[in-house]
Amino acid sequence: MAKVSCIHFSFISFLILILFSHSWFPLLKPGILGSRNRVFGSLSKTKVQQSKNHLTENYHHPLDPLTVKEINKVRTILSLYSPFFSFSPTIHSLTLEEPDKSRVLGSKRGHPFPPRKARVIVLSDGKSHVISVDLDLNRVTDHAINTGSGYPQITMEDMNMAVNVALSNAQFNKSVLERGVGLSDLVCLGLSAGWYGPSEEGRRVMKVQCFYSENTPNFYMRPIEGLTATVDLDNKQVVQIFNTGRNIPIPPGNNTDYRFQVQDKLPEKDPLKSISSEKSNGPNFIVEDEHIVKWANWEFHLKADQRVGMVISQARVRDSETGETRSVMYKGFASELFVPYMDPDDSWYFKTYMDAGEFGLGACSSKLVPLNDCPGNSYFMDGVFVASDGKPYVQPNMICVFERNSGDISWRHTEVILTDPKVGLSGMLMVKGTSYENVYGIHNQEDLSGPLVSENVIGVLHDHYINFHLDMDIDGPNNSFVKVDMVKESTLQGQSPRKSYLKAKRNIAKTENDAKIKLKLYDPSEFHVINPDRRSRLGNPSGYKLVPGGTAASLLDLYDPPQLRSAFTNNQIWVTPYNRTEQYAGGLFVCQSKGDDTLAVWSKRNRPIENRDIVLWYTLGFHHIPCQEDFPIMPTVSSSFDLKPVNFFERNPILRVAPTAEDDLPVCRPSTSF
């Protein structure tokens, strides 16, 4: 049998952020985590992609991100805008304001595109402003002020300022010194504060906590436990200090360094030979105009995004029977990540992070390394983002596209580009210091907020939830959501030797309430998005199905403040009518929000969704009980979900894919040149 090659997208920084998204915060000692501990090949043996000149780059598609030239143009327009004429407001977001969906779908290469616009979010006088700038008209065309709760994304300047304000406070410094830590060995970071009632409203705040970096680059494993400063970002002052961990020792630094070059003993195992997957004739995919990816009979638009990291748009497939190009998905991305830690202490209760809305996944990404993060023949894509002063900057090599064998024989695997959007958990645990060195001195281990993972170190129990915004367009915008229940039926007496069997019963969702799904192991269903107006030769509606992967559900109280903010985890599946303003499951303004502008709030309107332009929202979840193997750095754990065709094709679309022959394999010969 032939094996099917699948194209994969590597956004490694996004995956690492899921487990510990706070390792990139502004540090007092930058760069000490910059080394890698694994290299699988030599860079001299692979073709290195040439860096792009973003200064001269132009856009080629209505959904292409803003170019450097366009960002600078927006900055000039804002500088002449009368409300901000006398000062420069802090830019918290400056991105493409995507055209209306109907205009994008009607665009054709070689014809005029919809007007290019930018959406700018600024903070001024404690208020969040949303500004629309028309790049063709060279002026501001809309200006709104947020009247709900929440603030824009935290900037790097906010985080630096929070740390500097804390370290300028005499009481805070005294508390550090009393722990036996010199300020020269101190590493501090800013943490988002969440929202926990009226006492925390009316001002932007961040929490600041510190670590001891002596004798280790992995200072995260050496927390100064119980010391937390709350910083008012607008007034630049410390408003509260908790110092409840005076009797908790700082964990030792030995065995915390994860880097390969410092390991003094090789593992007790047989050595493994290197495995290399190469394509002697180059990859089968191409990237046109920087953002259009084409592979086999698939085509889609791919771009980096400062908030959500990576966006796939206009995914289409050419039918192998008819040659017709058919739409599958208009837009897909990870809209929010929710990571709540399960500890009610003063220094832990607020650690309920919403990474995309609070910090931005793209903004926190790191440069991917060829042959380490991505295999040979990968295509690397930069992100062009905006700093708080409105100036553009390049986040290099933050996405890579590569092709690899799926590992399955083709007749047991679907030829579909959207199969297996996978997430992986890796990185450092967020750990808590403790006086216990082993479990023998603990009277009741269940009293702790997590297991002991090393001497004086608790790995705090926590969850990870990743919500995906999937604007499915199966053969066009108007689709329906179908819940196909598998129902047990009993046989009649004497009918059959069997006593029971299953039947599939289809339920078409009429409104949003019909499509709110909590997954149940003993009440199984399939979840289809169909086009009721496109039928196969047998009369079945064209469709795709969502196949859930990691299915952990949030167990927090529904009225717990972090659960109100992340209410999209109340169900694993939601379906809403398309609305250009409803992009992020946690809302536009996530920082310190009360949860009054979320997927759960929008969906309370119970709008019609049958045979409409609809959006499918799926939340993939993990519970994480840490263990010793997670220390000092966690091995990758992954999960995924699938989007698979259901009566979309007339038959198995890869029956005529040629099987792999020995002559198809590359032949490697030693080089004769030295």
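Which residue stands opposite Val130 in E5? Ala144 does. Before going on, a word on the model. It is predicted, with local features needing pLDDT of at least 70 and side-chain atom pairs counting only at pLDDT 80 or more, while totals for chains, interfaces and linings use all residues. Residues are numbered from 1 along each chain as its sequence is written, and side-chain values use heavy atoms, leaving out hydrogens and water.

Now the hairpin. Strand E4 covers residues 127–134 and strand E5 covers 139–145. Strands here are DSSP runs (E, at least two residues), and helices are runs of H or I, at least four, numbered from the N terminus. E4 and E5 run antiparallel, joined by six bridges; a pair needs at least two bridges found by DSSP. Four residues lie between them, and Asn138 in the turn has a positive phi of about 60°.

Next, the sheet. Four strands form it, open, in the order E6-E7-E8-E9, with antiparallel pairing. E6 (186–192) and E9 (237–243) each have a single partner strand, so one side of each has no neighbour in the sheet. Neighbouring strands are turned by 25° against each other on average, direction ignored. Axes are lines fitted to C-alpha atoms, for helices over the stretch in contact; angles run from 0 to 180 degrees between N-to-C directions.

Look at E8, residues 227–232. E8 pairs with E9 over six bridges, antiparallel. Thr230 stands opposite Gln240 in E9.

Two helices pack on this sheet. Contact means heavy atoms within 4.5 Å. H4 (156–167) touches E6, E7, E8 and E9, at about 65° to E7. H5 (170–178) touches E6, E7, E8 and E9, at about 165° to E8.
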